[in-house]
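Hi,

Here is the structure I promised to send over. Have a look at it first, and then read on for what turned up when I went through it.

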Amino acid sequence: MLRIKPDQKQRVTLTVNGKLVSGYAQPRLLLTDFLRHEMGMYGTHVGCEHGVCGACTIIIDDVATRSCLRYAVQCDGLELRTVEGLAEPDGKLNTLQKAFNENGALQCGFCTAGILMSATKFLQDNPKPDRDEIKEMLSGHICRCTGYEQIVRAIFQASGQ
């Protein structure tokens, strides 16, 4: 059995937003910290580190996932999509991002990246949700600024309804 010392780093190779990237992580380094400190991707926020607030939500192999609950080494070989991957390569915002902007669905912005990622996967799976379904999806996210109504309106608008 191969034993890795806690201070030893392992190579981690991921596909992030369509690009193959590699870095090194200690076995217990959280994926959130790997993305931020090793990959220089600061869009994924670290909130509670317990999977409760939703700020760190990204999409891993087509599943909306709290990245604070995964170790970077567990994700070796997987495909990740982060908030940096939502806009077009030229910086043009996607439909959901535009709807958030138009509806004032962000204030401090701390929760926004996680909500955008959850909403992206949610709309992919449920393209014409009703307001109650949107509110249920948002129940996994904590936002202290908006009161959620602007977020619900933005997601509803992005669904084309």
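Predicted model: local features only at pLDDT ≥ 70, side-chain atom pairs only at ≥ 80, totals over all residues.

Below are my notes, going from the cores to the salt bridges and then to a few single residues.

**The cores**

Let's begin with the nonpolar packing. The largest nonpolar core has 25 residues. Leu96, Phe100, Ile134, Leu138, Ile151 and Ile155 are the ones with the most contacts inside it. Helix 2 (95–102), helix 3 (112–125), helix 4 (131–138) and helix 5 (149–158) are the elements that give two or more residues to this core. Helix 3 gives the most, with 7 residues.

Not counting residues up to four places away in sequence, leucine 138 touches Ile115, Ile151, Val152 and Ile155. There is also a second, separate core of 15 residues, and Val16, Phe34, Met39 and Leu80 are among its members.

**Helix 1**

Just after the helix comes glycine 40, which takes a positive phi of about 70°.

**Salt bridges**

How many salt bridges are there? The count comes to 3.

Two of them involve lysine 121. Aspartate 62 forms a salt bridge with lysine 121, with the closest N and O atoms 3.3 Å apart. That pair links distant parts of the chain: aspartate 62 is in the loop between strand 3 and strand 4 (63–66), whereas lysine 121 is in helix 3, 59 residues apart. Lysine 121 also forms a salt bridge with aspartate 125, and here the closest N and O atoms are 3.0 Å apart.

Is lysine 121 buried or exposed? With a relative accessible area of 10%, lysine 121 falls under the 20% cut-off, so it counts as buried. Its two partners have other labels: aspartate 62 is partly exposed at 42% relative accessibility, and aspartate 125 is exposed at 53%.

The remaining pair is arginine 131 and glutamate 149, whose side chains meet in a salt bridge (3.6 Å, N to O). Arginine 131 lies in helix 4 and glutamate 149 in helix 5, so the pair ties together parts that are 18 residues apart in sequence. Arginine 131 is partly exposed at 36% relative accessibility, and glutamate 149 is partly exposed too, at 34%. As for networks, salt bridges that share partners join Asp62, Lys121 and Asp125 into one.

**Rings**

Arginine 131 comes up again here. Its charged end sits over the ring of phenylalanine 156, 4.7 Å from the ring's centre. If you go looking for aromatic pairs, the structure holds 0 of them.

Threonine 146 is in the loop between helix 4 and helix 5. It is buried, with a relative accessible area of 8%. Its side chain reaches the backbone nitrogen of tyrosine 148 at 3.0 Å. Leaving aside neighbours within four places in sequence, threonine 146 is in contact with Ala105, Leu106, Gln107 and Ile151.

Serine 67 sits in the loop between strand 4 and strand 5. Serine 67 is buried as well, with a relative accessible area of 0%. A polar atom of its side chain lies 2.7 Å from the backbone oxygen of cysteine 56. Leaving aside neighbours within four places in sequence, serine 67 is in contact with Leu31, Thr32, Thr44, Cys56 and Ile58.

Cheers

Technical notes: Residues numbered from 1 in each chain as written. Heavy atoms only, no water. Helix = DSSP H or I, 4+ residues; strand = E, 2+ residues; numbered from the N terminus. Phe/Tyr/Trp six-rings, centres within 6.5 Å; stacked < 30°, edge-to-face > 60°. Lys NZ or Arg CZ within 6 Å of the ring centre and 35° of its normal. Core = buried A, V, L, I, M, F, W, Y, C linked by side-chain atoms within 4.5 Å. Buried < 20%, exposed > 50% of the residue type's maximum accessible area, 1.4 Å probe, protein only. Contact = heavy atoms within 4.5 Å. Polar contact = N/O pair within 3.5 Å; in protein donor to acceptor, adjacent residues only side chain to side chain. Salt bridge = Lys/Arg side-chain N within 4 Å of Asp/Glu carboxyl O.
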